[in-house]
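Work through the exercises below with the model open. Try each task before reading its solution.

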Amino acid sequence: MKFLLELFQKNFSTLLTMFLLVAVPLLGSSSVALLLYRHQHLLQNLRLGPALLYFALTAVTMALALTPTTFVAIVTGYYFGWGGLPGMVLAYALAAAIGYELALRLDHGKLRHFLHLFPKAEAVLGELQSHSWQLILLTRLSPVLPFALMTFVLAIVGVPRRRFLLASVLGMLPRSLFFYWLGTEASDV
């Protein structure tokens, strides 16, 4: 019990951030869905400038866990069709990069430092770093694991940045393509 209390006290900001990264997307996507339902014209027939702004905003909302990546894929597919897919992939990569940097700045290595006190945790961290490519691919394939939370966790356990970004984009493609396709077909439903 003392161990858990110490873990909680030393890592309160990290644990709070992890909780918010799971809870906030539901509120964010519900709000955006309601807004788009009432004002469908907002994203119809956008020119290049507003479309780029849309992709930049979705990158920020995904990075901050305001909207889930699956939700963004469906909405983008619905409004942009297949022409918007490259923008969505770039927004996803930007969201991963932003999320990675935010995680490092929020945690300041506190959780890793704490885990280094335990030899078994140290071994797990070493294993995660050496096999991080497969781990990242698997976490990005799963529609159940929240994007922002996994970005946060992978960053604070020390997954190398470049490997993280490449594996994130590759790992998200199969799942996101499916949900993107659903978005393109939503007008026929």
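**Exercise 1: the end of a helix**

Task: find the residue just after α5 that takes a positive phi.

Solution. This is a predicted model. Go to the residue that follows α5: His108 has a positive phi of about 55°. Now step back into the helix. α5 has 23 residues and reaches 33 Å from its first C-alpha to its last, close to the 33 Å expected at 1.5 Å a residue. Its buried residues include Met88, Tyr92, Ala96 and Tyr100.

**Exercise 2: the core**

Solution. Start with the core itself: 38 residues, with Val75, Met88, Phe147 and Phe164 making the most contacts inside it. Next, list the helices that each supply at least two residues: α3 (48–63), α4 (69–80), α5 (85–107), α9 (147–156) and α10 (161–185). Then take Phe164. Beyond its neighbours within four places in sequence, Phe164 contacts Ala96, Tyr100, Ile136, Arg140, Thr151, Leu154 and Val159.

**Exercise 3: a serine in α10**

Task: decide whether Ser168 is buried or exposed, and name what it touches.

Solution. Locate Ser168 in helix α10. Its relative accessible area is 0%, so Ser168 is buried. Leave out residues up to four places away in sequence: Ser168 touches Tyr92, Ala96, Ile136 and Arg140. Check the polar side next. A polar atom of the Ser168 side chain lies 2.8 Å from the backbone oxygen of Phe164. Finally, look along the chain: Trp133 is 35 residues from Ser168, and their C-alpha atoms are separated by 8.9 Å.

Notes:
Residues are numbered from 1 along each chain as its sequence is written. This is a predicted model: local features need pLDDT of at least 70, side-chain atom pairs count only at pLDDT 80 or more; totals for chains, interfaces and linings use all residues. Side-chain values use heavy atoms; hydrogens and water are left out. A nonpolar core is a set of buried Ala, Val, Leu, Ile, Met, Phe, Trp, Tyr and Cys residues joined through side-chain atoms within 4.5 Å. Buried means under 20% relative accessible area, exposed over 50%, partly exposed in between (1.4 Å probe, protein chains only). Helices (H or I, at least four residues) and strands (E, at least two) are DSSP runs, numbered from the N terminus. Contact means heavy atoms within 4.5 Å. A polar contact is a pair of N or O atoms within 3.5 Å; within protein, one must be able to donate a hydrogen and the other to accept it, and residues adjacent in sequence count only if both atoms are side-chain atoms. The expected span of a helix is 1.5 Å times one less than its number of residues.
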